[in-house]
Amino acid sequence: MAALQTSAPPAPSRRQARPRGRNKRTLAQRLRHDWPLLLLTLPALAQLAVFFYWPSAWNIIAFMDYSPHRPFWENPFVGFAWFERLFANPYFLPALLNTLKYAFANLLFLFPLSIVLALVMHSVVSTKVRSLFQSVVYLPYFFSWVLVVTVFVQTLGSDGLVSNWLLDFGGERLTFTSNPDSFLFLAWLQWAWKDAGWGMIIFLAALASINPSLYEAAAVDGASRWRRMWHITLPGIRPVIVLLLILHIGGILNVGFEQYQLQRNAVGYQTTEVLDTFVYYRSVIGTEGPSFGTAAGLFKGVIGLILVLVANNVAHRLGEQGIYQKS
Amino acid sequence: MATPSDRSPLRRRSLFKVAGLGAAGAAGLPLVAACGEIESGSGTSQATEGFDFLPTYKEWPLPVEPDLVGEPPNHPSGFTTYPEPVPAIEALPSNSGTFEITVPMWGEAPSQDDPYFAAVAEACGGTTVNLRQADGVTFAETSVQWLNANEFGDGIMLFSWMLFAHPNFQETVVNSFYDLTDIVKGDISERWPLLAGLPTASWGQSVWSTDPNDPETARVFGIPGSFSGGPGNAMFARTDLLEAAGQAMPTTVEELLEVARAVSDDANGRWAFAGTDYLTPQWFGLASGDGWAYIDGKLVHNCERPEYTEWLEFRRTLWDEKLVHPDTPTGTLDGQALHKAGTIVFQLDGISWWQGFIDQTTAEGTGGTIAPLGALSANGREPLVHVNTGVDSWTFLNKDLSQEQVEEFLDFANFCSAPYGTTEYEILNYGVEGTHFTYGPDGTPVFNETGTAVVQAPVNYKTMSGHVQQFLTGTPEMVQARFEYNASVKDFAEANIFEGMRVEGPADFKSAGQVLIDQQNDIAFGRADLSSIPEMVETWKANGGETGREHYTAAYEKLHG
């Protein structure tokens, strides 16, 4: 029988007493320890503060009858009057519907194209062919929309290269660069040419992170090329697909501006009016003023935030990582 | 009371947060509830005559009389010979200031290092005016933002048509620009004789009220540009191509349609027209400007008139019959290049394209002749010709300048107002002899390559202030042709029903007008049916048209009683 312990056990050292994982340091200690790292974040923080948070603070003018010609504090608050005006505008709903149409078309037809392109690229063995293919496919991403639209008009326009060839062979002029009914197809062609390559690069980076030994092991086990793609490649890039999908959904009302504005005359405003062009024509160069445009921007932002949160939540429920790791 | 557990959503810290947010929200509610109405953009109407604070007009005697004497403003006089220039300003001021003035520029902006700029600075008495040249195509729209941000240097030059792009220009003027009234009021002929020689109507049109509801607050805010009349735009025909095709110049809209059918060949890449959007309404008797006409005791907008449907039918016919270049809807065509190449036979352009075509085709050796169509009309109506009805432009100075700076700039503006036949005009409009031009056999200045690139730019010092009198100038043949053209159309000039007043429509009216233009293009280019016009008009009325009618009717009644 063990002797009765009459004295208190020796106090454990402070370090030993602390349970694992609760080794918290004071703020001062952490600052002393991490200041070089914090210093490194300063430029990014400054950039965010100047170009994002400070301009974001001006969203308040969506609730004011704002005029740049009077001191800020003299602008009267008008509550949600600008939002009421926005929703009552007969051209707002068509612009919103067009935006959603192009956004979903982009999501449905362009997003998978980038994945397919990445998979094709990944399967090309020759380095030379791969780098040539990669350059050809993603170079148009760096072209401006002005150039993209001009190239399309010059080649596929009514007086373009192809139309003139067709005329030489007794055919008719192409009209689809100025036909509102086929604009969605035209827009898709332009996205595919301009943006699919860029999306591909991101998926390629994800593909590079898959351990090659998995493919070797699967091949040894007799897995076909298709089975390897289905069971190794796609699960390997699934987190990236989900992440990009969520970000796409969040930015669903940001379908861009130039592509639609540049082709507005050609196919008409009813086809190309999206939220960004609506704001531009009503607020920036129109007569509604900055408060109206800010209200529209805020509406877009709030919808985007809600969509990101919902999509991220759904991703977490499906066991995906989403845009951040759930702790 | 039980302490909330860690899992409870009502932990103490959360409670504080919720309470804080609630308090903030509660504090904000009265703010939201106590909100006012949106007040901006209700439109203005500004009288432009009958003031006692304008510069006193004192005629500036012309050094030489014009060869062709017209009836200004719609039929200006002209020079078919180049007079020996004489100095307009006897005692040059001694200045040394520097100004940055924002101006529109169409084409490539010349280098500010060119000797032209230094020569002008020396000739005007030492003032250096640096030009901030911005793209003219987007100038009207972007100028709205520069002015809002007070980012336009020491001044800005705006053409009168650019004012339509500003949602509330009256507010911009009185908040952004220098009030010149106290400086230019009364007799200014001693220091600025050329500015005193500008028509009183020009200065009257440079007036805005600080409070649009109070006429007593009217002040002079701009230095007026030239007061030019006559047609500002025209439909130019390639007369050589018409002749080759055995066609005569059309004199009615019906004849024009027949000629267009005869000269168009879609399969072989030739069309009668590219743009047909502006100017063509006048062929159907429709009004210019904001589109109001006084008919049967009330103001009626173009879109409410039967002639509007006729006009759109005409444009649609041109499109359906492939008489218009198929890429016209893209808005990316270079109409002037197509006109020079003979791809399009009729070019809708500013009146300056007449001289521009001759200059460019002569320099390029491509040849061809053009002439504007006369006063056309459809269905046997009396022709109507839209004409310029006021000053072409203004130079506005920044309100932050000092009085001394403003006075110095007025010295410069006085210099720029020198008319044809003066040494000041010559250096401003032709540059330095030997560097930018040489005298031709008939004594007329002829630009060299540098002069064409630098001095012949559409906007620079030469448009910074109006001339005491505006003449037709250029090659003798062109001056004669323009003189005769103006004489032939002047009797059909549209009367300005708002003469003596500048009316700026309400924001809703402007917004509805923009939509109407989009819908017009839908019909003209086959994207919508003509049967949609009544619905278009109803939409226009409901979304700003009626508001506009009330505003313009009030202005009209103020003018005419």
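Colleague: How many Å separate the centres of domain 1 of chain B and domain 2 of chain B?

Modeller: Keep in mind that this is a predicted model. In chain B, domain 1 covers 68-230 + 390-492, while domain 2 covers 233-386. Taking the centres over C-alpha atoms, the separation comes to 30 Å.

Colleague: Which residue classes make up the side of domain 1 of chain B that touches domain 2 of chain B?

Modeller: Seven residues of domain 1 of chain B are in contact with nine residues of domain 2 of chain B. Sorted by class, the domain 1 side has four nonpolar, two polar and one charged.

Colleague: Over in chain A, what is the helix percentage of residues 292-311?

Modeller: An unreviewed UniProt entry lists that span as a "transmembrane region", along with others including 102-125. The end C-alpha atoms of residues 292-311 of chain A are 29 Å apart, and strand accounts for 0%. Helix makes up 100%.

Colleague: And how far apart are the end C-alpha atoms of residues 102-125 of chain A?

Modeller: That stretch is 92% helix and 0% strand. Its end C-alpha atoms lie apart by 36 Å.

Colleague: Is A:Leu117 buried or exposed?

Modeller: A:Leu117 sits in helix H4 (residues 92-123) of chain A. Around it there are 22 other C-beta atoms within 10 Å. The cut-off is 20 or more, so A:Leu117 counts as buried.

Colleague: Which residues does A:Leu117 touch, leaving out those up to four places away in sequence?

Modeller: A:Val129 is twelve residues from A:Leu117 in sequence and 14 Å away in space, C-alpha to C-alpha. A contact needs C-beta atoms within 7 Å. The residues A:Leu117 touches are A:Val137, A:Ala196 and A:Met200.

Conventions. Residues are numbered from 1 along each chain as its sequence is written. Chains are lettered from A and ligands numbered from 1 in the order in which they are written. This is a predicted model: local features need pLDDT of at least 70, side-chain atom pairs count only at pLDDT 80 or more; totals for chains, interfaces and linings use all residues. Domain bounds come from an automatic or database domain assignment. Two residues are in contact if their C-beta atoms, placed from the backbone, lie within 7 Å. Ala, Val, Leu, Ile, Met, Phe, Trp, Tyr, Cys and Pro count as nonpolar, Asp, Glu, Lys and Arg as charged, and the others, Gly among them, as polar. UniProt positions are given in the numbering used here, feature names are shortened, and annotations may be inferred rather than shown by experiment. Helices (H or I, at least four residues) and strands (E, at least two) are DSSP runs, numbered from the N terminus. A residue is buried if 20 or more other C-beta atoms lie within 10 Å of its own, exposed if 12 or fewer, and partly exposed in between; C-beta atoms are placed from the backbone.
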